[in-house]
Structures are given as structure tokens and as C-alpha cells.
Amino acid sequence: MRVLPQPNLASRHYVEACRAEFRRLVPIVLEWRGKLPAEKKHMLIGIKLGHETSIGGSGYHYEGGNELLAKHAKDDPVLSFDAENVLSRGRTQIGYAVVKASGVRTSGSITESDLRDVCQRYLATLCRAAARIGVLREKLFAHGVGWKDGELLYDAPVNPDACPAWSFYKHATDPRLDTGVQRNLACSDAPHWAACEYWLASGDAKAWRDALTNTLSDPRCRYACVFNWESMAASPGIAKGIHEVVDAKPHRVIETIFHQPDITKKDVDASVIGEVHPQSEGFYVRLGNYG
Amino acid sequence: MTPIVPQVWDASAFTGVRTPPGFQFGLSPDANTTAVQMHGREIGIWIDSDHPRPALGSLLPITPAYWWWDMSRAPIPFKDPGRELAMSFDLKVPTATKTGKAVAYITTNFLFRDSRSHQQLWLGATVFDPRGESTLPDTVHLDNWEGGTQLPIHYSALNQKSQWLHPGPSSVLFTDKPFTDYRKLEVCVTAPELRAALIAMKKAMPKLANTSQDPRDYQLIHFNINPEVFAPQGSRGELGLSLRDVRVEMLAP
């Protein structure tokens, strides 16, 4: 299957076209949610921007690709996707236009951080624009991706206006083992994150139940969205495993006695105290027995 | 009192959490010394028992905790039947090392107060201890370590064996090995479990015979997560961890 060329994510025209579309679509979604009764407002889980945002990951260019255009698609070469090659993924290197247009680099060779930076800027730009038209951070997700464990591209969906989200295939069994995701969750102050593209390569009910349980065990994980679900019909165990998770009787929170507040610069000094108790109600970190 | 000072070195290699400049503190500005990081809903804690040594004794706790000082504001968790008290948070423990007799461990603690006799007691769960689960059967004793509260203290490992508490359905259990990924912990207490703890306390400490045995009489006046290094002279313990999203809730099972 041929897809359209990878867009230049720093192209003013392309970014403006993206903005124009969600300026049209997002208000429709927000208006719909606004009209929902209070008990149904949870039905809007979130709005996702970007899609496996990367350079040369989902859209790529074969050597001599322009010459192939005039030939039949069935004669296109087949080159395997090289996840470990974080620059070209085993194909012709692309991304020169975007790193130049974004001002990240004007000479020399493209680096892994260049590609991360342009993807991060692109998602940050879109998310900032969405925030300005009223999408709350807790409802906004930026879709990133990584293929090589821990690669810098995992950083791309982290920005101040959205919650980060990633695709999970290799680590669908347990996102806690995904070092690129965990590195970013450790430094993200977003209220949520999401497995916004998720598929486990198994037809076994227990495997699906355990994998989804692991994924959703992080209280900040807002949702997991199953992709590539066409094969589910042939493997009834998948639906069974999903049902086991969804139907599990959760504990019902009757009353929240305490929920740790965000600690910002203005109150961090007062939150760390020495041996003497502050004698005022609150949450503190106390360093004891140091005299 | 030793003043708390800002630190500019990065404790993330020990705690597993990186905070922006201005969010890390300690007792000394020197690199690699005991540190606390706080940013957003994450807290990183690094204890090196040698840097600095405790002013007195051998015990070094650094304790995120909530205090209710006005007893009229303290919650009464079991005033209604069929409820569970739960403390949950995410935890990772990338670093735990020792030499000699030092021990590094992490507990969670509820402090209850009998509104009739005013007797207070701790109910604790050990969630990490390299000494292993077999060393942590249900135990009640007096908190009489250096700086201790001199109150009865109940300890169990967070597992399915304890008579006094239990893990929530999505909680990981006690472990004796460090881990670098965030894992959800949930420590739950029901009224029958608190009653069992009270019975065990009165049996072990007959002088507390007048303490109420009815969980409905008890207020929650404090809770904490207590990473601690015990390092007698000649030994050294190091403990690096981070935690986030602490919640205390009442649940309907």
C-alpha cells in the first residue's frame, strides 16, 4: 500500500491546515460534551492530536522513490523496518526539510535529537492551539511513539498543554517495562497518560486480561485504545480477556480523605521540614533524627 | 536543628525521579548526600546513613506524612459499616544497599486514636524490606526506638497473610528486591481487621485493657509512608526511592 509522502511537520502551511481542521472540529466536540448531563460528561475521554508522530516511521521514502511513482505499486521494493536505526529506519533518510524549516539544523547530519525535537515542537504547537480554544489538559492527549527501547523519540508527546500518549505493541504486555515511556512519565507533570494505540499479539484471554490489567494499574493511565482489532473475530479469547478486565468489580470510592496535591515552587520550601512538627494540618515530608 | 538547604546536584540516579532546579533539598549542599525531591505529585527520597549520620542513635527516617492536629477534624473511617480504609500510591525503589548490620526498608502507617480512652496506636504495613517476608509476621510491640512515639505499633508485610490489613485488588505485594518501575501499592484495612489488631494489642499489652475494641470509636489522626535506614555505628545503609499520587480513601468493597 502506498501512502502520501511524510508531511513537513514544520511547514507553516501544513501546521495551519492542521489548526484549521481542529478549529472546526474541536468546538463541535466541546459543544456536544457541554450539552451532556453531568452524569454523562465522562463520555468524552479525550481528544488526541498527532498520530505516532515521527519522521520516517509511518511515512517513508525508498531509494529512488520518485522514479517508482510512475511504476506499478506491486513492483515496489520491500525493505524491512529497522527499529534499531533511529534515523532512517533502514530506508532513505528523510527529515531534512523539517529540521531546516523548524530551525533545528541548517547544516551537517541529522541526529536523533533533531528528529525528536521537531516532532516535539509540532505536537506542542498543535496542543497549545487546542488549549487556547478551550481543551483542558486532562482531556488532551498527544500521540507519540518509539520503536527502539528508550529512544529519544519517546519524548515527543510530552508538553505543558497535553497528556502524553504512546503506541504499545512490543510492551503491550506491561508498559511498566517500556523504558522510553517510563522515563517520560517520571518527568511529566501531566495528570494522565494513555496507551492511545494498543495491540497485544496474542489470542489468549488470560494474556489480554493480564496485559490490560498491567496497563491500567497505573492510576494515571487514562485509557487504552485497541487498534488493529480486525483479527479479534478470529480469536474470541481477546474479547473474553477484555471483558474480564471491564467486568471486574472495582472498589468504589465513597470518600476521598486525602489526595496528594501538586507541589509547586511556591510551596515546596514549606513542604520539607526538619525534626519539629509544623503543628498545622497538612502534608509534609519530615527529615527525622538529624538533630 | 540542622537546617534544610537547597541542593543543586541531581539525585535522580538514586531515586529514579528527576526534578527541575529548585525542587531538591537536603541537610547538606554536598553531592550524593541525603536528599528530598518534590515536584508535582512526585517525591524522591535518598538516604545515605553516612552523609549525614543521625544526631542521635542509628535510625534515619524521611517521612511524607499528613497530620490532623485538630481532633474534631480527624476522620472516623469506620463510623459506617462495610467500609474499607485504603492508602494508595505508586512506588519505585531503584536503590537499596547496605554494609554491616544496616537495614533499609519502607513501611506505610496509619495512626488511630480511640476517641474514648484517647489511646493511640499505629497500624503499619511493610512494603519493602531486603530481609524478606519471612521476617515479618504480624507483630505488635512498642514504638520505643530512638525518637519513637512510645505507642503500640502493629506491623505486617503487605501480603495475603496478615490478619490486620490486606492489599487492594490492583496492588503489588511486599517485595525484598529493588525495582525501577513505578508500581501501585494499596494498603486496605477493614473494621474487622482493625478489631483483630486491637484484640492482639490488648493481649500483648494488658495495661491497655480499657482501650475500646470497637473500630467505630477510632479516628484517623495521621498517616505516613516511612522509608527508613537503620545503620548502627560501623554500618552503612543507602535507600533511594520515589513515590507519587498518594491517596487515602474510604472504599465500599
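G46(A) sits in the loop that connects α1 (12–35) and β1 (47–49) of chain A; helices (H or I, at least four residues) and strands (E, at least two) are DSSP runs, numbered from the N terminus. This is a predicted model, in which local features need pLDDT of at least 70 and side-chain atom pairs count only at pLDDT 80 or more, while totals for chains, interfaces and linings use all residues. Residues are numbered from 1 along each chain as its sequence is written, and chains are lettered from A and ligands numbered from 1 in the order in which they are written.

**G46(A) and F141(A)**

- G46(A) counts as buried because it has 22 C-beta neighbours inside 10 Å; a residue is buried if 20 or more other C-beta atoms lie within 10 Å of its own, exposed if 12 or fewer, and partly exposed in between, with C-beta atoms placed from the backbone.
- Leaving aside residues up to four places away in sequence, G46(A) touches K139(A), L140(A), F141(A) and R222(A); two residues are in contact if their C-beta atoms, placed from the backbone, lie within 7 Å.
- R222(A) is 176 residues from G46(A) along the chain, and their C-alpha atoms are separated by 9.0 Å.
- F141(A) belongs to strand β2 (residues 140–144) of chain A and is buried as well, because 28 C-beta neighbours fall inside 10 Å.
- Beyond residues up to four places away in sequence, the contacts of F141(A) are G46(A), I47(A), K48(A), A162(A), C163(A), A165(A), A194(A) and C196(A).

- Chain A contains 8 helices and 8 strands.
- Of the 291 residues in chain A, 32% are buried.
- Among contacts in chain A with a separation of 6 or more, 68% are between residues 24 or more positions apart.
- Five strands of chain A form an open sheet in the order β1-β2-β3-β4-β5, with parallel pairing; two strands pair if DSSP finds at least two bridges between them.
- The edges of this sheet are β1 and β5 (221–226) of chain A, each with a single partner strand, so one side of each has no neighbour in the sheet.
- On average, neighbouring strands of the sheet are turned by 25° against each other, direction ignored; axes are lines fitted to C-alpha atoms, for helices over the stretch in contact, and angles run from 0 to 180 degrees between N-to-C directions.
- β1(A) and β2(A) run parallel and are joined by 3 bridges.
- L49(A) has A142(A) in β2(A) as its bridge partner.

**Helix packing in chain A**

- α1(A) packs against helix α4 (residues 112–132) of chain A at an angle of about 30°, the axes being 10 Å apart.
- α1(A) is therefore roughly parallel to α4(A); angles under 35 degrees count as roughly parallel, over 145 as roughly antiparallel, 65 to 115 as roughly perpendicular and the rest as oblique.
- α1(A) and α4(A) cross in a right-handed sense; a crossing is left-handed if the near helix is turned anticlockwise from the far one by less than a right angle, and right-handed if clockwise.
- From α1(A), the residues V15(A), C18(A), R19(A), F22(A) and V26(A) meet T125(A), L126(A), A129(A) and A130(A) of α4(A).
- The contact of α1(A) with α4(A) has 7 nonpolar, 1 polar and 1 charged residues; Ala, Val, Leu, Ile, Met, Phe, Trp, Tyr, Cys and Pro count as nonpolar, Asp, Glu, Lys and Arg as charged, and the others, Gly among them, as polar.
- Helix α6 (residues 205–216) and helix α7 (residues 236–247) of chain A cross at roughly 40°, and their axes come within 7 Å.
- That makes α6(A) and α7(A) oblique to each other, and their crossing is right-handed.
- Among the residues in this contact are W208(A) and L212(A) of α6(A) and I238(A) and V245(A) of α7(A).
- By class, the contact of α6(A) with α7(A) divides into 7 nonpolar, 3 polar and 4 charged residues.

**Interface of chains A and B**

- In the interface, 43 residues of chain A are in contact with 54 residues of chain B.
- On chain A, the elements that give two or more residues to this side are α5 (179–187), β6 (252–259), α8 (265–271) and β8 (282–287).
- β6(A) provides the largest share of that side, with 8 residues.
- The side of chain A that touches chain B comprises 17 nonpolar, 15 polar and 11 charged residues.
- β6(A) and strand β14 (residues 236–252) of chain B run antiparallel and are joined by 6 bridges.
- R247(B) in β14(B) stands opposite H259(A).
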